[in-house]
Amino acid sequence: FRSKVRGTNMCGFVGYVNQTDVQDDVIEKMANRIRHRGPDDEAFFRDNNVSMGFRRLSIIDLAHGKQPMYNQDQTKVLTFNGEIYNYKEIRKELKELGYNFRTEVDSEVLIHGYDAWGPELLQKTRGMYAFAIYNQKENEVFLARDHFGIKPLYYYDDGETFLWASEIKAFLDHPNFKKEFNKELLPIHLSFEFIPSKETMFKHVYKVMPGQYVIHKNGKTEVHQYYKFNYDKIDNSQTVESDASQIRKLVRESVDAHMVADVEVGSFLSSGVDSSYVFNEATKIKKQHIQSFTLGYDRSKYSEIDWAHDFAEGIGQKNTPIKIDADDYFGILPTIMYYMDEPLSNPSAMQLYFLSKGTREHVKVALSGEGADEFFGGYNTYLEAGPFERYQKWVPGFVRKGLAKAVENLPRFHGQRFLVRGAQPLSERYYRVNYVYNYHEREKILKDKSLNVDTGAYTKHIFDEVKDKDEMTQMQYFDINTWLPFDILQKADRMSMANSLEVRTPLVDREVAKFAATMPIKTRIQGDTTKISLRKAAQAELPEKVANKEKLGFPSPVAQWMKEPKYKKMIEDAFTSDVAKKFFDIDALLEIFKEHLNGKSSMQKIFTIYTFILWYQVYFPEDCEHDIRDQIRFNNVKAHANEQNFAEA
């Protein structure tokens, strides 16, 4: 939409500290493993100490955005994935310091900025990014990840070998990577559906956490926090009207910043306010047609296609529907587990995969509405905070505990759950802590009972960081630091990049978050209305029925599909497989599935076990009776049949 001013690099990169027994072609193999992140270009750097690889998806000015990129005296080497929205301001500062620029690309401000300021550069950046810089003079590797974890970055450190990559799967091609399942984290995964810490399901593989940088030098690794979202500046004088006005300005500015590209930019569109608002703002900024894309099903009960089509048509824009069925969904699951790196049982990941796949047939870049619920207070569970706070204030703790103990084993009745949870601290009570399985449910299904731990204790420190705040604020803080980066943004990155599509999230932005951190409760929720200020801002831009529409999430018929004979058998086969026998009580699993078939159990419980088993079969086939990698290869070829340069996993 603008002139060619910089080289945006939606891509993947890999690297390792060299070892004498590693062949020269290892860096190419690692980079090719994540070719889906960057099918347009590749480049490599090697010296006696470090090897670095880069795969690029070209969005802006391919000719002038080549990486690896060097500083002026060729002593520092950069590989970068992302976009720096305020690169012009940083570039101006660096020019005043005497730095000369060879290109107009945003990545060059990182290599010169690090040369000038070191890690302090990160205090100046606004964007979505992960990057690695190798300092040849100091023999030092510097890794950094953006404020909120939009772009991924991992490292492997077992005390002898140090590797880094955009995706864990790249480590598989390094001969000194010891692939080990981190079984101690299985109950954590069963509770949250992701791992809410720097740890991963592979031993010695760690996330560079949002807002962190890592320095590896002389065989030692240091982790530093340069940014942490907080609520230290809540302003109770703010009103819904004033906050809505400010949100309108921020959303317009952020969407504008996220639309820089030399290729067509499209937009995801559901029936909800978030994506509708982002899409609508994009059309106003561009002042011409923008394609939108919506996933749905033939069953209108679960489909948002009609709603999205009517909205797009109402504002004079085009909407492209993308439909899938049960065969599509269940057939691609093993491949999804491969792309995801770690097991993630959010059913919407598969939908997002097909939405990205269909969108990529038309555009290379798409806007999305992630982040609004976390920053502006959009989840219905936040409405629980008020009643629980009043209950805890007026009813003494010993009375609450006594009531909970008296009713917890009684037959179900209205209010029973409230009384039981009312005796618990928020770090145990908040439903994200037991999002899928609670302690007692895990005790029933885990084969090795010694693995079971108190998942509330695992994340209590996050609540402790804001223990002086009200409960709703604590919930949002928890979600911003766990649910957003490890679930929402994780699947957005993996499912889009699996299809070589770049997804941009204007509502997950440093300036948007800076303002959101000042909002008092009264401008986040009122009565039974969530994200009240965002909705009011949207009302000025969107039809009222869209701005005030109840949140649906990503509706799907998966729970019903599970009951159909074909897919029922697939799940039963998994639940009686050698992997299931290795980790779970088979009878307990089958009982949970039986309850679901009778309408009494949670689909999420079944799906979490099922996807974990598939993931384990994908990444640890040597432990399995049946190797499903051929199925993955088939699905990869089928999914990417029109991409000549796609490399099979």
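Me: Is Leu352 buried or exposed?
Reply: Leu352 is buried, with a relative accessible area of 4%. Buried means under 20% relative accessible area, exposed means over 50%, and partly exposed lies in between, with a 1.4 Å probe and protein chains only. This is a predicted model, in which local features need pLDDT of at least 70 and side-chain atom pairs count only at pLDDT 80 or more, while totals for chains, interfaces and linings use all residues. Residues are numbered from 1 along each chain as its sequence is written, and side-chain values use heavy atoms, with hydrogens and water left out.

Me: Which helix does Leu352 lie in?
Reply: Leu352 lies in helix α9. Helices (H or I, at least four residues) and strands (E, at least two) are DSSP runs, numbered from the N terminus.

Me: How far apart are Leu352 and Asp493 in sequence and in space?
Reply: Leu352 and Asp493 are 141 residues apart in sequence, and their C-alpha atoms are 9.9 Å apart in space.

Me: What is the reach of α9 from its first C-alpha to its last?
Reply: Helix α9 covers residues 348-360, which is 13 residues, and reaches 18 Å from first C-alpha to last. That is close to the 18 Å expected at 1.5 Å a residue. The expected span is 1.5 Å times one less than the number of residues in the helix.

Me: How many of the residues of α9 are buried?
Reply: Eleven of the 13 residues are buried, and α9 is mostly covered. Among them are Ser348, Ala349, Met350, Gly358 and Thr359.

Me: What does Ser356 touch?
Reply: Ser356 lies in helix α9 and is buried, with a relative accessible area of 0%. Not counting residues up to four places away in sequence, Ser356 touches Phe268, Met495, Ser496, Asn499 and Leu501. Contact means heavy atoms within 4.5 Å.

Me: At what angle do α8 and α9 cross?
Reply: The axes of α8 and α9 cross at roughly 95° and come within 10 Å. That makes α8 roughly perpendicular to α9. Axes are lines fitted to C-alpha atoms, for helices over the stretch in contact, and angles run from 0 to 180 degrees between N-to-C directions. Angles under 35 degrees count as roughly parallel, over 145 as roughly antiparallel, 65 to 115 as roughly perpendicular and the rest as oblique.

Me: Which residues of α8 and α9 meet?
Reply: From α8 come Asp328, Tyr329, Ile332, Leu333, Ile336, Tyr339 and Met340, and they meet Ala349, Met350, Gln351, Tyr353 and Phe354 of α9. The residues of this contact divide into ten nonpolar, one polar and one charged. Ala, Val, Leu, Ile, Met, Phe, Trp, Tyr, Cys and Pro count as nonpolar, Asp, Glu, Lys and Arg as charged, and the others, Gly among them, as polar.

Me: Where does Asp341 lie?
Reply: Asp341 lies in the loop between α8 (326-340) and α9. Asp341 has a positive phi of about 75° although it is not a glycine. Asp341 is also buried, with a relative accessible area of 0%.

Me: And what is phi of Asn139 near?
Reply: Phi of Asn139 is near 50°, a positive value in a residue other than glycine. Asn139 lies in the loop between β6 (127-135) and β7 (140-145). Its relative accessible area is 33%, and Asn139 is partly exposed.

Me: New topic: at what angle do α17 and α18 pack?
Reply: Helix α17 (residues 471-481) and helix α18 (residues 483-497) pack at an angle of about 50°, with axes 4 Å apart. That makes α17 oblique to α18. The contact is made by Phe478, Asp479, Ile480 and Asn481 of α17 with Trp483, Leu484, Pro485 and Phe486 of α18. These residues divide into six nonpolar, one polar and one charged.

Me: What is Ala559 in contact with?
Reply: Leaving aside neighbours within four places in sequence, Ala559 is in contact with His596 and Met603. Ala559 is in helix α22 (residues 558-561) and counts as partly exposed at 24% relative accessibility.

Me: Last one: how many helices and strands does the protein chain have?
Reply: The protein chain has 27 helices and 17 strands. Its radius of gyration is 24 Å, close to the 26 Å that the globule rule gives for 649 residues, so the chain is as compact as a globular protein of that length. The radius is taken over C-alpha atoms, and the globule rule is 2.2 Å times the number of residues to the power 0.38. Of the 649 residues, 61% count as buried.
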